[in-house]
Number of protein chains: 2
Amino acid sequence: MSALYYLAPAAGALALLFAYILIRRIIAIDPGNEKMREIAAAINSGAMAFLRRQYRTLIIFIITLIVVFCIVGFVTSGPNSMKPQTAIAFAIGAFCSILAGNIGMRVATKANVRTANAAYTSGLNKALNIAFSGGAVMGMSVVGLGLLGLGVVLAFFIEDNSIVNGFALGASSVALFGRVGGGIYTKAADVGADLVGKVEAGIPEDDPRNPAVIADNVGDNVGDVAGMGSDLFESYVGSIIAAIALGAGFSIGAHGEGMLAPVLIAAIGVIASIIGVFFVSAKEGGDPQKSLNRGTLVATVLTIAGSLAVSILILPATFKAGHNVYTSLGVFFATLAGLLVGFSIGKITEYYTSADYKPVKNIAQACETGTATNIISGIATGMGSTAIPILLIAAGIFVSHKCAGLYGIALAAVGMLSTTGMVVAVDAYGPISDNSGGIAEMSKLPHSVREITDKLDSVGNTTAAIGKGFAIGSAALTALALFTAYTQAVGIETINLLDPKVVIGLFLGGMLPFLFSSMTMQSVGRAAGYMIEEVRRQFREIPGLMKGEGKPDYAKCVDISAKAALSEMVLPSLMAVLVPLVIGLMPGLGKECLAGLLAGVLVSGFLLAVFMANSGGAWDNAKKYIEEGHHGGKGSPAHAAAVNGDTVGDPFKDTSGPSLNILIKLMTIIALVFAPLF
Amino acid sequence: MSALYYLAPAAGALALLFAYILIRRIIAIDPGNEKMREIAAAINSGAMAFLRRQYRTLIIFIITLIVVFCIVGFVTSGPNSMKPQTAIAFAIGAFCSILAGNIGMRVATKANVRTANAAYTSGLNKALNIAFSGGAVMGMSVVGLGLLGLGVVLAFFIEDNSIVNGFALGASSVALFGRVGGGIYTKAADVGADLVGKVEAGIPEDDPRNPAVIADNVGDNVGDVAGMGSDLFESYVGSIIAAIALGAGFSIGAHGEGMLAPVLIAAIGVIASIIGVFFVSAKEGGDPQKSLNRGTLVATVLTIAGSLAVSILILPATFKAGHNVYTSLGVFFATLAGLLVGFSIGKITEYYTSADYKPVKNIAQACETGTATNIISGIATGMGSTAIPILLIAAGIFVSHKCAGLYGIALAAVGMLSTTGMVVAVDAYGPISDNSGGIAEMSKLPHSVREITDKLDSVGNTTAAIGKGFAIGSAALTALALFTAYTQAVGIETINLLDPKVVIGLFLGGMLPFLFSSMTMQSVGRAAGYMIEEVRRQFREIPGLMKGEGKPDYAKCVDISAKAALSEMVLPSLMAVLVPLVIGLMPGLGKECLAGLLAGVLVSGFLLAVFMANSGGAWDNAKKYIEEGHHGGKGSPAHAAAVNGDTVGDPFKDTSGPSLNILIKLMTIIALVFAPLF
């Protein structure tokens, strides 16, 4: 193995060191008065309680898979058989992702209260700085542990791709729990808190008397910090692993340069992201969005320059991949194409979900004629919003393949994800700001504080939308790269759409995201039901709760919806894991059918994910737009219609939509890891 | 050409003769009192006004395509070039479908009032008999003109498949207008009538003072008689043509027996359907559903027996198709598989959309917690309802391909559609019963009459659901058969999913149904807007209208929403027609990309169509279930939530969903007809 490989774990270690420095700085900051600290402690301990419950289920899942790997590994034999060592890579991958999420959640639930206090005592810039630093810890943990863990696995197993793939499956398993379990949890808590609190008890949002209020605040962290982080962790390592596999498969470069290049590009992206973080700061009265954009821009430009250097310096000037000859510069352009597509998908997501543009304004307008027209308008907007992202992905595939063949497609995914550190930092900033607003409200800080946190939060909504678009786009490109790696692993040169096995696979695969979304949406409803019962029980049984004299049992609410969410995720998860195995092993169907299935899941999963995320985001912001005073403002009939739309959108954008990212990737990785069996 | 081919146009002529007899019998029946005749005349003239306006646009579309065929035909040359004669086949196909729709609409708008009067004067059996006879006229017209027209085209052009394909495109063009234009019209009229009538003016449904009431009744005929008829006409001839093309392509039988078999199976299906019609009749107090089922069963059993005879007597005992050898009995089993899949998809649609089963009951339950939970529950149900139809289609593909290769898949489509005469008859019975109820209401017939028409109507709802499922399933299988014929026509042996062109096509194709649905949903909103303005204007400007003294201008309402619907359908239709041409002709993409695109459209179109149709149907029946007195009944908060769901479901199930059937088939047929250019 070339010594240059060690640059990757080194960059990972650097990112972790940087995260450690950020953590020290955040913790040193004053967390505010006693009330604030009390609330923050409740959120923090709720978040940890959620994680503990999640780990208990996760560990069973992980151990089961490890046992499967060992058994299959020892039972099968021959050069193409599955290696028991896959279990080691798998365990490392899972551990790294769990650790990244744990660090991120811990810090986010400490940064939130400090952001609120900074908004109180020092103003916008300081508050922005803390919230973003908190996000940056998550971002750095994701890429740091990603590269460090992958570096370790590569150091031992680089000669055997099938083992390395285990690392991706480990990441994927954690993402499954983060996105599906976490997604169900966060919306069950949200719906439960709203329905009993606002509707039944008639108390405002973020009211500390509501027993579900902490669970709701925990949910923001679960969904947008841990969930998003694990999702991008999976894409990040998945894209690199796919590129390594294809670099090896096409034997690019005499000394494995085709395998080295993606690793180095990732390492450069990490360093560029660290530098980018330093460029995020806002003057008093300035625009936080601009400073976030500045940081992202710096990171992106540096990554582009670094990718150019890597392509030219590392790769041979011309090389053969498949039937054609490509150039090292072509690899650079493929990487660049991926970066641009990721950026553009984020931007177009903003267009469809921000109240600054026509789509959301039209939806708000449709609220004037009632709920039904609002729903139809939102669904039509979401469905229509799939067009441009698809065109972008198609253009990305076209360009990157023209430039560097199938290897180019994998490099486009690596390019798109190279700035993941920065993307996650910006994204995780959102829920921290959101939480800080909640804490300010609950601890009755002056209105001026809420103004600052609202400003931070509204930027957070935009970054969340962009992050969601990015997550879906990167999931699609990563899955495509993994899909290509799968076909190489099982040794199929053509997947013929005239072969009925492939067509059957395509039909079945196309259906799975619909079924999966159906399941996760219904899960939210059921899990919310348990939460509602518990809240009602507490209002009934705890004396003086409504008067603010009794103390609600926050932890119980967290625990109940965590438990419900985790049991609800069993069925959809089993489907995602077992279907590829069953199809791949079934006589008469087999690996070609599985290839068709993966293609179907990818296409329809991507479309549904974009549709659901954008419909949900647009409804949310249409409601906020009306609350700002348009179409009659709060309390008007239009507002009532908008609230219904927002409620429908909640599981769309925070549970079912993002869960599809995982479905797409997980099924492909399962196929890739178990490829030796097919 | 074998003389046996003439059996097909002969069976077609027989069906038309039978239709003529039915028409004579219907017209001879007493249309009731003056008030009833007046209302029926208004609906009839409204329907004719709609058709006239539609023809004006349709003729431009048809002439344009004829000119294109002639120009392309004369300009290109060589053995594979496009023939100008394609224009002739195209014109005949379009004419036959138009004529079938025209006859069906004329008779349906005469049968409705006679059904109402029979319910008044003679009771259930007579009323059922008339309503079903009206539907049977549509059914017989569809298969009669389908087989007769196709027979004429085959007589002249059987040697040249590319010309025969023109016939399918003619049918497809009319279906485009019937389903997309008609679908937008029917919901614009429905929403317009409801919103201004029930909500603003506070008058009940089917109140003759509402200027939009006739437009609404016309809409039922436009959507469920003409629209459904043109859709199944297209599937019917499309499946036969695809089977002929594959029979020719694989050179099955020394004397073209592979081309003859599907034609004969279709002919037998027609005769079986005629016989089946005689078995539909109910005793007083009996169950109309049972008698409809009896007729369907007879037609199906006879068709199965006939298919067995055709397979064994006509086809060679063993034959080669592609790389494998199959038996004549295999062809029979492929046909049987198609029939069973069509039947099962219909049944499963009933399960998901009828209030007798759990899904609709759960949705009604979800109405108790408000609109948002109702919407989520309906969407989850619709998405989940795609699973079994996909499994059925996959099973159908698997079995029919095992039994007779790609030819078997086409025969499965022919088998599924062989009883189209009966299916359309049962389906068109629904809107006639629905209309008869409206007429009874408007002409203030006694309540007992309404009880009979309600009984007929409620059966109509079930048959409509089954018919919708059947239409989608047959569209998918027909499109798959046409897709196979396309790949033969352009001479591609493999469509490789590892070729980025194919992947790009798959992504783009998968997206188009989402974009198309988005467009059609928004079209309904805009077209309804024009209607609402016109109704408001009439209430404002016509003196004494609210008091029942002024006479509303029904025709104007029909005309305005017809005009709006037809202009709204331009953009989605152009997309459907032009995209395959652009992709097929674009350098760097071409016919492989187009193949991927068609596969993508087929899979995601089928899924979205099932999802939207079933969500819409389920919401509709959940509302009716609540109106029967469950969950608080009419006027309860649950009912209000259910009404919202029903309104969202309207464009789902009657516009966007069914329009996708056409998108799937039309794009494939365009590709097939213009294949010589690619």
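Which residues line the second largest cavity? In this predicted model, the lining is made up of Leu51(A), Gln54(A), Tyr55(A), Ser97(A), Ile98(A), Gly101(A), Asn102(A), Val174(A), Gly178(A), Ala226(A) and Ser230(A).

**Cavities**

The model holds 13 cavities of 30 Å³ or more. Two of them are described here.

Start with the second largest cavity. Its volume is about 90 Å³. Four helices of chain A each supply at least two lining residues: α2 (34–75), α3 (86–121), α5 (161–201) and α6 (213–249). Of these, α3(A) gives the most, with 4 residues. The lining divides into 5 nonpolar and 6 polar residues, with no charged ones.

Now turn to the largest cavity. About 130 Å³ of space lies inside. Its lining counts 17 residues. Nearest the centre of this cavity lie Leu51(B), Gln54(B), Gly101(B), Val174(B) and Ala226(B). The helices that each give at least two residues to this lining belong to chain B: α2 (34–75), α3 (86–121), α5 (161–201) and α6 (213–249). Here α2(B) gives the most, with 5 residues.

| Cavity | Volume | Helix giving the most |
|---|---|---|
| Largest | about 130 Å³ | α2(B), 5 residues |

**Where the chains meet**

Next comes the contact between the chains. Chain A brings 60 residues to the contact, and chain B brings 60 residues. Together the chains bury about 5,300 Å². Carbon and sulfur atoms account for 86% of that area. Three residues stand out on chain A: Leu498(A), Phe507(A) and Phe514(A). They supply 15% of the area that chain A buries against chain B, more than any other three residues.

How many salt bridges are counted between chain A and chain B? The count is 0 salt bridges. Polar contacts do occur: 9 residue pairs are counted between the chains, with both residues at pLDDT 80 or more.

Which elements of chain A give two or more residues to the side that touches chain B? They are α11 (371–384), α12 (387–417), α14 (447–490), α15 (500–541), α18 (590–627) and α19 (637–673) of chain A. The most come from α15(A), with 15 residues. By residue type, this side of chain A divides into 43 nonpolar, 16 polar and 1 charged.

Notes:
Residues are numbered from 1 along each chain as its sequence is written. Chains are lettered from A and ligands numbered from 1 in the order in which they are written. This is a predicted model: local features need pLDDT of at least 70, side-chain atom pairs count only at pLDDT 80 or more; totals for chains, interfaces and linings use all residues. Side-chain values use heavy atoms; hydrogens and water are left out. Contact means heavy atoms within 4.5 Å. Buried area is the accessible area (1.4 Å probe) that two parts lose on being put together, summed over both. A salt bridge is a side-chain nitrogen of Lys or Arg within 4 Å of a carboxyl oxygen of Asp or Glu. A polar contact is a pair of N or O atoms within 3.5 Å; within protein, one must be able to donate a hydrogen and the other to accept it, and residues adjacent in sequence count only if both atoms are side-chain atoms. Ala, Val, Leu, Ile, Met, Phe, Trp, Tyr, Cys and Pro count as nonpolar, Asp, Glu, Lys and Arg as charged, and the others, Gly among them, as polar. On a 1 Å grid over the protein atoms alone, a cavity is a set of points where a 1.4 Å probe fits but cannot get out, and a pocket is an open set with protein on both sides within 12 Å along at least five of seven lines; lining residues have an atom within 4 Å of a point. Grid points are joined across faces, edges and corners, and a volume is the space filled by probe spheres set on the points.
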